[in-house]
Amino acid sequence: MASDTDHRLDRIDLNILRILQEDGRIANVELARRVNLSPTPCLERVRRLERSGHIRRYVALLEPEKLDRALLAFIEVRLDRTTPDVFQIFADAMAKSTDVLECHMVAGGFDYLVKVRVRDMAAYRAFLGDTLSSIPGVAQTHTYMVMEEVKSTHAIPVPPGR
């Protein structure tokens with residue numbers, strides 16, 4: 001018998017994923033109606049998608065301005081050397097910072113791209129001085145302040161059903 005991770009996603013599974021990533025709080029009865037299943041098999045599919053790791057977790061999307069986190073910035077970070085210990089020190093520091101929304105190791109002209117959200121420019125300067133520049137191995141940073149969020153989504157494109 002195949003495990004949850006071996007299961008191929010069919011059209012109904014893909015529709016469930018599409019709907020749940022837009023509204024993770026949808027009632028199972030409504031979800032079942034929208035994918036043309038009865039509630040019990042629909043719930044079984046959702047649980048299987050959770051077990052298989054297709055659904056990692058459910059979250060609430062918060063309004064940054066209402067929580068005094070209106071300033072969004074992207075920071076290119078170049079390290080002075082690219083050794084496993086320097087990478088780990090940097091990654092650990094980023095994981096601990098509540099100002100950091102995302103941190104990605106990248107290929108190209110710099111080593112990391114960091115997305116931060118803070119209260120204002122003073123809070124950003126504090127992050128830059130107290131957090132980022134105090135990490136051993138950080139050689140250079142370059143910041144891009146976001147003037148307008150043209151598109152911001154959490155949704156991953158789900159392929160059409162087979």
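Predicted model: local features only at pLDDT ≥ 70, side-chain atom pairs only at ≥ 80, totals over all residues.

Guide: Ring pairs join Phe87, Phe90 and Tyr112 into a cluster. The number of aromatic pairs comes to two. In general, a pair of aromatic rings is described by the distance of the centres and the angle of the planes. Phe87 and Tyr112 form an edge-to-face pair, 6.1 Å centre to centre and with 70 degrees between the planes. This pair links distant parts of the chain, for Phe87 belongs to helix α4 and Tyr112 to strand β3, 25 residues apart. Phe90 and Tyr112 form a tilted pair, with 4.4 Å from centre to centre and 35 degrees between the planes. Phe90 lies in helix α4 and Tyr112 in strand β3, so this pair ties together parts that are 22 residues apart in sequence. Both Phe90 and Tyr112 are buried; the relative accessible area of Tyr112 is 4%.

Phe90 also leads us to the nonpolar core. The largest such core has 19 residues, of which Ile75, Val77, Phe90, Val114, Val116, Tyr124 and Leu132 touch the most other members. The elements β1, α4, β3 and α5 each give two or more residues to this core, and β1 supplies the largest share, five residues. In soluble globular proteins, nonpolar side chains tend to be buried together.

Leu132 shows how such contacts are made. Leaving aside residues up to four places away in sequence, Leu132 touches Ile75, Val77, Phe90, Met94, Phe127, Val138 and Thr141. A second, separate core holds 15 residues, including Leu14, Leu17, Leu20 and Leu49.

We may now turn to the helix that carries Leu132. Helix α5 spans residues 121-132, and its buried residues are Ala123, Tyr124, Phe127 and Leu132. Viewed down the axis of α5, these buried residues fall within an arc of 100 degrees, so they line one face of the helix. An α-helix has 3.6 residues a turn, so residues three or four places apart point the same way. The face of α5 turned away from the buried side carries the exposed residues Arg125 and Asp130. The cover over the buried residues of α5 includes β1, α4, β2, β3 and β4.

Methods:
Residues numbered from 1 in each chain as written. Heavy atoms only, no water. Buried < 20%, exposed > 50% of the residue type's maximum accessible area, 1.4 Å probe, protein only. Helix = DSSP H or I, 4+ residues; strand = E, 2+ residues; numbered from the N terminus. Arc of directions from axis to C-beta. Contact = heavy atoms within 4.5 Å. Core = buried A, V, L, I, M, F, W, Y, C linked by side-chain atoms within 4.5 Å. Phe/Tyr/Trp six-rings, centres within 6.5 Å; stacked < 30°, edge-to-face > 60°.
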